[in-house]
Amino acid sequence: MKTLEIPTFECETGNYHTFCPISCVAWLYQKIEDSFFLVVGTKTRGYFLQNALGVMIFAEPRYAMAESEEGDISAQLNDQKELERICLRVKDDRNPSVIIWIGTRTTEIIKMDLEGIAPKLEKQLGIPIVVARANGLDHAFTQGEDTALAATTHRCPEYNHRTTNQQKGDVVKHIVVDVVSDDKSLDEGGKSNRCNLVLFGSLPSSVASQSNLESRRQSVSVSGWLPSQRYTELPALGEGVYVCGVNPFLSRTATTLMRRRKCQLVGAPFPIGPDGTRAWIEKICLVFDVKPDGLEERENQIWKNLSDYLDIITGKSVFSMGDNLLEISLARFLIRCGMVVYEVGIPYMDRRYQAAELLLLQHTCEKMKKPMPRIVEKPDNYSQVQRMHELQPDLAITGMAHANPLEARDIDTKWSVEFTFAQIHGSVNARDALELVTRPLRRKSDSVLGLDCRSLSRQTVDV
Amino acid sequence: MKLAYWMYAGPAHIGTLRVASSSRNVHAIMHAPLGDDYFNVMRSTSERERDFTPVTASVADRHVLARGSQEKVINNISRKDEEQHPDLIVLTPTCTSSILQEDLQNFVDRASLSSESDVIPADVNYHRVNELQAADRTLEQIIRFYMDRARKRSTLDRSVTDAPSANIIGIFTLGFHNQHDCRELKRLPGESGIAVNQVIPEGGSLKYLKDLPRAWFNTVPYREVGLMTAAFSEKEYGMPYISITPMGISNTADFIAQIGKLVNVWAFALPEKRLNYKLYVDNQTKFVSQAAWFSKSIDCQNLAGKEAAIFGDATHAASITKILVKEMGIRVSCSGTYCKHDAERFNEQVQGLCDEVIVTENHTEVGDTIARIEPSAIFGTQMERHIGKRIDIPCGVISSPVHIQNFPLGYRPFLGYEGTNQIADLIYNSFNLGMEDHSLDVFGGHDTKEVSTKSLSTDRRDINWTPEAESEPNRIPGFVRGKTKKNTEVFAKGNNISEITIDVMYAAKEKSSP
């Protein structure tokens, strides 16, 4: 894969606000219905989770903390025994099909050998235990999902399109059947609808089926998703399987799929916005040697439906502080919508995995005659706020820690986390994405408060 | 290791950050990995803060793990010093720095050589104390630092004010109704002729800490935070303090009586004659606060003997227990707190007021206890509100941890005379709503509900209900339905009956009626 030279790329100090990557349990436990997430760490992590997830915590979630105490840190207690006791209780209470251990920075620092303990306990308990190291030392926010999915990759059954009666474990039996039924129409060289495509990235099930539909319209059928709705339904992987990411933060999963499971990665822009969705499908079609059909009309139609939103945002400027790695795709979409993007902060920029997306960003800038935004990896929030005071963007896409203070200083904001939880993938959801972006801008024009209530902060802004 | 889904009190560093970010122009730097600055989100969203929360992280990443922080923390301190010129920078340890065992004191010593701001490390042990204890400790540490320094430089002002005055200690950010309580507290002594010297830490500037001893006495409204500071000031600077929480009529009266006692010691020096606090209290109790009248009114009569369960921090749980029992005649079946470190004192406070005391940090234990007791109303934290929702019992929120709806924009103190009004409303509305619901049931409003076993833990009893018996409880008013069902099952179990018929039900009822 090529890497792309970006002229406007820089790297700052990394003093920025983001969610801890363990927050991925919030959406993953809902996605994988028969899972249980056990976060191994200290009180800090638990406190973060219960506050970040708010009301969800009261709904008997399938996640919990294994809270390490002083005895664990100083190794007076035996890690394996402690985890065994806790996992036994989880098994009794909830009987999950898989327990996913989320290693945190504590387990990292005291070097708790989760990967070593897991196989032993797995045998003892009879429940698969997957270990994902989603810690704030190495990762930001959505990258938590990346580590969890990369770890799950190893648990996917082996794909083998030649052998029909493969020996497989009980849990994956019906998947084998699926694969077999596909096999009947599959011969070498994969022509249309004979392709084996697995999509990776956790999306709400309705969005996932929309994506399935979208690609089936082009006679490319999706044979599975990682993650699947249930752990017991993980897709088969192996040589001959094509994989394609739906989210920009899944570079580790992509690498694991390629290197460890010998899958072929389809490097495409991500299906965010009608432009992204079209480019995404086109790339998949290209790989499977299918001629895309009616994509352009479809995209135009969707743009037409968005015209009321586009009227609001065309010509407006955006500053994205960066915390969830969706920033590049979002910026590309917004530029195509006619906005000017001043800066794209991003926690981590994988230039190989995001190559196609970056290329599309460049093309979009040329096409829309807009300047290429400055891309700042590991941004420094303090400096960003200073820059924002100079640039006075119409909209700041930012974390919750900065939103209210910026609003008080007359900069309209949109919480960036909402883009992680809202359904923004695929052409169908482009409207939802713009609904989010335009909300602060629409509110302003409706506001009863006139100019008198402009700056509401008492703190002087010393720029 | 402990299996945990929820915790009442947060980790230690949250307490330190709450104290630090409450004072004006104090900046906290946390030695923590990415994502640990979640405190900023809490403050910015829950308190709807307009200003940037003065907390930054000195990010501990893998390089820090390998080679130690080295210059990183020091650079971050100097940078903040230059950028924002705070009066004080508090270096805050987290679980990460405590495990890494880095020498924060050393960083502080080196950083303070070059920085204009004062720099101190928060002296808090992550594993041994919780949020509240840490806040208490940090507040004391900051006050001690500035008062001792002022004494050394002989700038400490130890002449007491001419008119009686007080310091209010322990009002700070993200505290339960703290802002409103503070306003009420300023009014309370004000009306009885006492000026407020300083409020710390909320909104206070460190520059004025040297004037702290000018107050005649200190008041500590909440037990959780401020007592250490008050004790220190008493020991080192001879300042007396009042630790009674003026919540509820009798506590408020006690509080004012204490003020009277402290002030009237100096009565000979006062221009006016002795202040008559008794008259003030009488007047307030009878006419300003509606709570005394309320407890005599017919509304409150209807509450007599109703059962309630209470859970919260030590201050609020104990005070509300006292209010319910002594001022409203409500029976408190169970009162509890998660402030384990203050258990002894809590027990003492609620002794004789309730049937049962629970001191625990485990919310399932609280939930199961409430489910077993089945009170008519619960007064607790957000967690108890959700427990109440699940088992269909109304709940009034009286203590943190809380959500954004407990940071109301309107004036809602819990302390002082206005506080007694607010609390009376809260209590009456909780019960009243419950009653309304049940009268609907009694008159056959929405009677198609399934009978719920009001238990949180799901142990299925192997007892069968015949269809007729099953439908029978539906004719019983909702608020006793669960209890009837449970009593019947207990009766059946006790008499080795495996199938419950209508006869068994009524037999059980006969047995259990007094």
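## Exercises on a two-chain model

Chain B and chain A bury about 5,400 Å² between them, 58% of it on carbon and sulfur atoms, where buried area is the accessible area (1.4 Å probe) that two parts lose on being put together, summed over both. This is a predicted model, in which local features need pLDDT of at least 70, side-chain atom pairs count only at pLDDT 80 or more, and totals for chains, interfaces and linings use all residues. Residues are numbered from 1 along each chain as its sequence is written, chains are lettered from A in the order in which they are written, and side-chain values use heavy atoms, with hydrogens and water left out.

**Exercise 1.** Find how many residues of chain B are in contact with chain A, and how many salt bridges there are between the chains.

*Solution.* Taking contact to mean heavy atoms within 4.5 Å, 53 residues of chain B touch 73 residues of chain A. Counting a salt bridge where a side-chain nitrogen of Lys or Arg lies within 4 Å of a carboxyl oxygen of Asp or Glu, there are 8 between chain B and chain A. B:Arg79 forms a salt bridge with A:Asp380, and their closest N and O atoms are 2.7 Å apart.

**Exercise 2.** Determine which residues of H11(A) and H12(A) meet.

*Solution.* Helices are DSSP runs (H or I, at least four residues), numbered from the N terminus; here H11 covers residues 273-287 of chain A and H12 residues 295-305 of chain A. From H11(A), A:Pro274, A:Asp275, A:Arg278, A:Ile281 and A:Glu282 meet A:Leu295, A:Glu296, A:Glu299, A:Ile302 and A:Trp303 of H12(A).

Definitions and conventions:
Axes fitted to C-alpha atoms, helices over the stretch in contact; angles between N-to-C directions. Helix = DSSP H or I, 4+ residues; strand = E, 2+ residues; numbered from the N terminus.
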